[in-house]
Amino acid sequence: TGITYGRETAVHRSLNLRKTEFTNLQPCRVLCVTWNVNGQMPTEDLDTLLSVDDRPADVICVGYQELDLSAETLILNDTSKELMWMAKMKDGLPRGVDYKQLKHIRLVGILLVVYVRETLLPRISDVYVGYVSTGIMGMLGNKGGVSVKFNIDMTTVAIVNSHLAAHQEMVERRNQDYRDIFTKMRFNNDETNTLKNCDIVVVGWDLNYRVPTTSYCRGNQEFS
């Protein structure tokens with residue numbers, strides 16, 4: 001086993017040294033947006049949120065948390081607010097660019113939607129979704145993560161919208177939520193299709209880590 005591993009490592013190292021001979025790098029602009037909407041209805045246009053500069057992104061990933069805080073949604077995992085927010089998102093996409101929704105996935109109030117330029121679609125393949133619940137009793141979906149995984153050419157990308165445990169003292173619980181999301185995420189219920197198979201993993205969104213609010217001093221200044 002050790003000999004095989006060493007041989008594979010040597011091959012990978014040699015290929016990496018000569019990768020410019022057989023690879024063609026193409027830039028891709030990805031915009032990731034997160035918003036904890038606290039169960040509110042969409043009332044504002046989202047164009048300023050999704051159009052951040054004069055060069056519209058190739059891929060736009062929008063993650064929401066607390067889309068619906070009702071007990072019915074927590075138990076039945078069903079909400080009418082999903083369609084309302086998705087309609088607002090579609091209307092807010094950058095003008096002058098044709099975008100197509102690649103995939104979306106929702107776990108209770110955690111929603112992730114991925115849009116791509118229509119011209120980019122021929123280069124995208126193997127689109128999958130997955131989710132992990134880390135909420136009440138480690139089972140309910142009020143906390144957890146949802147993910148969309150796809151290939152752009154030969155690069156595998158996964159976007160993970162996470163909502164971790166709240167409150168100042170729950171640091172270790174947040175750390176455990178992250179570990180659970182990363183290790184338990186399975187795409188299309190395939191035990192071999194995991195985040196470890198990806199070249200690029202973007203994990204973020206409402207992680208709930210807090211800056212301590214106790215007073216501290218720096219030089220002659222006191223902060224609270």
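Is Cys-32 buried, partly exposed or exposed, and what is its relative accessibility? Cys-32 is partly exposed, at 35% relative accessibility. Buried means under 20% relative accessible area, exposed over 50%, and partly exposed in between, with a 1.4 Å probe and protein chains only.

## Basis

This is a predicted model, in which local features need pLDDT of at least 70 and side-chain atom pairs count only at pLDDT 80 or more, while totals for chains, interfaces and linings use all residues. Residues are numbered from 1 along each chain as its sequence is written, and side-chain values use heavy atoms, with hydrogens and water left out.

## Cysteines

A disulfide is a covalent bond between the sulfur atoms of two cysteines. Here the term requires a pair of cysteine sulfur atoms within 2.5 Å. By this rule there are zero disulfides. Cys-32 is in none; its nearest cysteine sulfur belongs to Cys-61, 4.3 Å away.

Cys-198 is buried, with 13% relative accessibility.

## Positive phi

Most residues other than glycine have a negative phi. Val-108 is not a glycine, yet its phi is positive, about 55°. Val-108 sits in the loop between β3 (99–107) and β4 (110–117). Strands are DSSP runs of E, at least two residues, numbered from the N terminus. Val-108 is buried, at 6% relative accessible area.

Where does Asp-126 lie? Asp-126 belongs to strand β5, residues 124–133. Its phi is also positive, near 50°, and Asp-126 is a residue other than glycine. Asp-126 is partly exposed, with a relative accessible area of 41%.

Notes: Helix = DSSP H or I, 4+ residues; strand = E, 2+ residues; numbered from the N terminus.
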